[in-house]
Amino acid sequence: MKRDLKSKRKLRLLVAKPGLDGHDRGAKIIARALRDAGFEVIYTGLHQTPEMIVSTAIQEDVDAVMLSILSGAHNFLFPEVIKQLKDAGVTDLPVIGGGIIPEDDVRELKKAGVLEIFGPGTSMQDIVKFVGEKIKPRY
Amino acid sequence: MDIKSQFTTISDLPINELYTPDDLPKDAYKKEIGLPGKYPFTRGIHPNMYRGRTWTKRMFAGFGTPEETNKRFKYLLEHGQTGLSVAFHFPTLMGWDSDSPRARGEVGKCGVAIDSLRDMEVLFDGIPLDKVTTSMTINSPAAILLAMYLAVAEKQGISFDKVGGTIQNDILKEYIAQKTYIFPPKPSMRLITDVLDYCTKSVPRWNTISISGYHIREAGSTAIQELAFTIADGIAYVQAGLDVGLDVDSFAPRLSFFWDIHNDFFEEVAKLRAARRMWARIMKERFKAKDVRSQMMRFHSQTAGCSLTAQQPVNNVVRTTIQAMAAVLGGTQSLHTNSLDETYALPTEESVRIALRTQQIIEEESGVTNTVDPLGGSYFVEALTDKLEEEALKYIKKIDEMGGMVSAIERGFPMAEIQRASYRYQQQVEKGEKKIVGINSHVLKDEPAPEILRISDEPERKQIEETRKLKQSRDNEKVKAALAHLKKGANGDTNLMPLFLDAVKVYTTLGEIVATLKEVFGEYRDPATY
């Protein structure tokens with residue numbers, strides 16, 4: 001019974017903007033596309049610290065955290081979110097990234113535990129498809 | 001038989017098969033078009049335009065520590081540049097010092113780190129501020145950075161009436177689009193009018209606000225929305241100046257504009273022509289400005305960053321060329337051209353040089369500067385100019401009915417309009433209704449990534465150390481007293497500029513000043529709608 005509920009539940013996704021940049025065009029488009037595709041989406045708004053994002057992710061019981069950043073601070077902020085999740089005892093929550101992120105950094109960030117990174121020009125459909133296939137309900 | 005059922009601009013304005021004199025109003029030449037250098041300035045603000053003076057090639061730059069950017073500035077000045085354009089890093093834009101936890105990972109990444117007067121002194125070390133003009137892209141804390149700049153001038157023995165430059169200082173478009181806001185709209189508008197009032201009286205060569213459509217368009221607006229919201233912001237600033245008792249002609253000549261130049265060539269040219277005409281009419285008819293300089297819209301342009309693709313990045317040179325051509329044929333006063341690799345990182349020196357050369361080729365080889373407004377009188381361009389003006393005026397009327405732009409922002413109106421336009425455009429791209437070469441048309445598989453500029457973490461360590469050192473070595477009693485005065489001033493209605501000057505001169509940091517203002521003004525929070 002419990003198992004059944006879990007598989008039928010809508011995915012809950014956190015779209016978050018860590019750091020100080022205000023470029024939210026992409027994050028908002030993705031949030032809306034995911035909502036239109038039938039997922040539950042929580043959008044944090046801008047200027048979030050890793051602490052704020054981790055606390056929202058835990059309180060909202062989300063199934064994935066999707067981080068968007070376009071200021072160049074991804075090498076610090078993405079791993080920091082993952083580290084703070086771990087410190088809070090959350091080790092099975094997928095973290096996905098997007099933004100202006102050079103390829104060398106993509107490799108390093110994936111090693112640090114980021115599941116996937118989406119760059120400029122990625123279609124909404126590709127992201128919706130990825131989430132639908134790779135993210136599973138955690139509860 | 002046409003290949004499509006409807007032809008539109010990139011902003012979805014329908015375009016006819018053919019335009020003839022019947023598409024223009026009667027008396028169009030006399031009333032709508034006129035002559036360059038004459039009201040309503042549709043054809044340009046100077047009678048001889050680029051035959052008299054070419055546009056300024058102003059490339060925006062800055063990263064790392066003030067020491068590094070100072071070296072870069074000196075290099076540029078030695079190579080004949082007379083104007084500087086400063087890009088600040090995000091912590092400065094948002095009012096955090098480099099040693100704040102909020103700045104971790106961001107120091108020196110997207111611009112130069114400026115925390116205090118010490119950094120500003122280093123940034124302009126050996127650069128006489130009466131010989132250069134400096135443009136500073138700074139908004140929420142613009143008044144404080146201006147105070148630091150003036151304090152450097154004072155130390156150089158230069159009087160404020162000899163100091164020239166620009167601060168962006170356009171807070172309204174921050175709520176609408178760029179989102180580097182700190183305080184709520186009303187106290188932010190007070191900071192703007194404090195700058196207007198102070199500069200009008202004490203720094204007469206300073207350009208006080210660069211009213212910006214650029215960020216509005218980059219956030220996903222249409223050309224019409226960019227035109228309408230930017231001019232509505234301009235109206236709000238002029239009204240705010242009048243409301244604090246300034247005479248319109250005392251400050252309006254020091255307002256300038258900043259436009260985004262996207263791919264749709266004729267729509268962009270028409271937008272710039274419409275913008276000039278609208279502003280001239282608004283200033284003359286609505287605000288009763290008599291000085292012709294108050295009616296003249298001067299503007300900077302930048303090619304559209306959001307139009308660039310990470311796919312087949314060399315194609316971006318072609319996009320930028322088309323956009324730069326539109327800016328020139330639209331009569332811009334200065335221009336920044338983007339580099340081909342900016343969807344990956346800050347540009348390399350080589351890609352910046354190609355971007356600069358693009359402007360130089362247009363100027364020196366294409367021949368488009370030989371005559372003034374060569375597109376003027378085209379039935380299509382004039383009809384499209386009229387259409388953009390008509391549609392933008394509808395938005396401005398709606399904003400007026402809401403009680404002006406500050407009220408419209410408080411209701412979330414312009415943000416919601418932009419969000420809708422941006423989502424619609426993305427859907428059109430994904431359905432193939434709008435084409436982007438390399439994205440949904442002429443796609444290549446397995447492209448190699450270009451060489452890009454890397455910025456190390458060294459500047460972050462160095463800058464944090466400098467700011468910590470400063471906080472220990474300065475006279476902290478004086479800092480405390482300056483902040484107490486400032487807090488009292490912010491609670492009242494005195495002009496804060498002199499208090500900012502007092503505070504920065506004793507090396508109070510930007511972060512400390514902003515924190516004090518937050519205690520009085522509060523903070524603006526993202527409504528986080530999508």
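How many residues of chain B are in contact with chain A? I looked that up before anything else.

**Ground rules.** I am working on a predicted model, where local features need pLDDT of at least 70 and side-chain atom pairs count only at pLDDT 80 or more, while totals for chains, interfaces and linings use all residues. Residues are numbered from 1 along each chain as its sequence is written, chains are lettered from A and ligands numbered from 1 in the order in which they are written, and side-chain values use heavy atoms, leaving out hydrogens and water.

**Interface.** I got 41 residues of chain B in contact with 38 residues of chain A (contact: heavy atoms within 4.5 Å). The area buried between the two chains came out at about 3300 Å², with 56% of it from carbon and sulfur atoms. Buried area here is the accessible area (1.4 Å probe) that two parts lose on being put together, summed over both.

Next I went for the charged pairs and found three salt bridges between chain B and chain A (a side-chain nitrogen of Lys or Arg within 4 Å of a carboxyl oxygen of Asp or Glu). I noted B:Arg454 with A:Asp105, at 2.6 Å, N to O.

Which elements of chain B give two or more residues to the side that touches chain A? My list reads α3 (90-93), α6 (172-178), α8 (214-218) and α17 (413-431) of chain B. Helices (H or I, at least four residues) and strands (E, at least two) are DSSP runs, numbered from the N terminus. Helix α17(B) gives the most, with eight residues.

**Sheet in chain A.** I traced an open sheet of five strands in the order β2-β1-β3-β4-β5, with parallel pairing (two strands pair if DSSP finds at least two bridges between them). The edge strands are β2 (40-43) and β5 (116-118) of chain A, each pairing on one side only. Three bridges join β4 (95-99) of chain A to β5(A), and A:Ile96 has A:Glu116 as its bridge partner in β5(A).

I then checked what lies on the strands. Helix α2 (25-36) of chain A packs on the sheet, touching β1 (12-16), β2 and β3 (64-69), and makes about 160° with β2(A). Helix α6 (124-134) of chain A lies across β1, β3, β4 and β5, at about 165° to β5(A). For these angles, axes are lines fitted to C-alpha atoms, for helices over the stretch in contact, and angles run from 0 to 180 degrees between N-to-C directions.

**Last look.** I counted 60 salt bridges over all chains.
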